[in-house]
Amino acid sequence: MNLFASLFSIAALCAVNLACSAAPAQQKSLLPKPDLPGIPMNAPCRDDVVAKNCEMDTIIWLRGMPLKAMWHQRDYQRLDQVLLALCAEDTRLPDGQPELMVFSRTFVTLIGTLKDWNGLGALLREWRSKAPDSPAQALIETMYWHAYAWHGRGGGYAQSVPPEAWDLFRERLAKASARLAEIKAVAGNCPLWHSLNIEVMIDSSAPRARLNGAYEEAVKAFPASQQVHFAMSRSKEPKWGGEPGEYERFSRRAVSLSQRDEGSALYARLFWIRDCNCEDAVGFGRPGDPDWKLMKAGFEDMLRRYPDQVHNRNKFASFACRANDRDTYHKLRRELGDQILDSLWADSWKVEVCDRRMEKNDGRD
């Protein structure tokens, strides 16, 4: 029995010292809560309740603290146990995002912050020599090669990248792809394997037929995985080769695939991740823009499942303003009060602008 299968048996028996309660999926956590010494018990984020002084980014950072500690202590077996539990259970963060996302975000951030490519590479090789079938090692190594590839390429426009940088980019992406292929038999039953595979394929300019095949394989196994749909959605954006309107059509299909678990929420989440504090912020009324009726239904489904989330409610209100839906905006604004998370309101559409816009009586801009 390989490591991944062995750990699955352990997790199934709730013997990995992780939360295994009978509560609904969105109410339980499989990640050990971080120890916050010296912080009062009533301090923000102690109870995971999202608020103006306890935003989701802070909660995610705190949830990732034990993972970073395991990494620094080289407690690799424990990392495998946690990863397995997160892959096997659809546990959620307070805003409804998958708790598995904490694993990937923690290590992507750690790799990107350290940028000690030689040191990180040596640690990963050491870990791999001791546990060649470790799913956590393989997925973290994939994140390493993916980040290292972008480090070599740089963030400039394609025409500004020299040939040598493209060479480094392709070589390192090939190593990420090879590591995923090597570990597929062990980790291919985890949605994180599939989302990383899709991300690497997009950056490697894989043929569209191969990319579509990878996505279909992923959604067959994990139809409601936000990470899988988010990864594939990038290929539907015009700047990554998508056709006009393809992103919106893709979002509708994602809703149909995830309807049982997410309702219409995935439609709203997909346009949420595409939004930005920039001139390309999501709007309404142009070809390829989201359908406000469907997006509104998506946010309403989100709030039914996660009713106390200031995080989700802020973003819903910011979109309602741009869609010129006064009734929805005023309702959300009353519920929010002063719990405004400025980072969730696009530039030129901050809450003060929206309040003034919604005060107009004639319904015109």
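Author: Leaving aside neighbours within four places in sequence, isoleucine 198 is in contact (heavy atoms within 4.5 Å) with Leu211, Ala214, Tyr215, Ala218, Val228, Ala231 and Met232. This is a predicted model, where local features need pLDDT of at least 70, side-chain atom pairs count only at pLDDT 80 or more, and totals for chains, interfaces and linings use all residues. Residues are numbered from 1 along each chain as its sequence is written, and side-chain values use heavy atoms, with hydrogens and water left out.

Reader: What makes H8 roughly antiparallel to H9?

Author: The axes of H8 (residues 191-203) and H9 (residues 208-221) come within 10 Å and cross at roughly 170 degrees. Axes are lines fitted to C-alpha atoms, for helices over the stretch in contact, with angles from 0 to 180 degrees between N-to-C directions. Angles over 145 degrees count as roughly antiparallel, so H8 is roughly antiparallel to H9.

Reader: Why is H3 called largely enclosed by the rest of the structure?

Author: Buried means under 20% relative accessible area (1.4 Å probe, protein chains only). Eleven of the 13 residues of H3 are buried, so H3 is largely enclosed. Among them are Tyr76, Leu79 and Cys87.

Reader: How do you know that the span of H3 agrees with 1.5 Å a residue?

Author: The expected span is 1.5 Å times one less than the number of residues. For the 13 residues of H3 (residues 76-88) that should be 18 Å, and the end C-alpha atoms are 18 Å apart, so the two agree.

Key. Helices (H or I, at least four residues) and strands (E, at least two) are DSSP runs, numbered from the N terminus. Angles under 35 degrees count as roughly parallel, over 145 as roughly antiparallel, 65 to 115 as roughly perpendicular and the rest as oblique. Buried means under 20% relative accessible area, exposed over 50%, partly exposed in between (1.4 Å probe, protein chains only).
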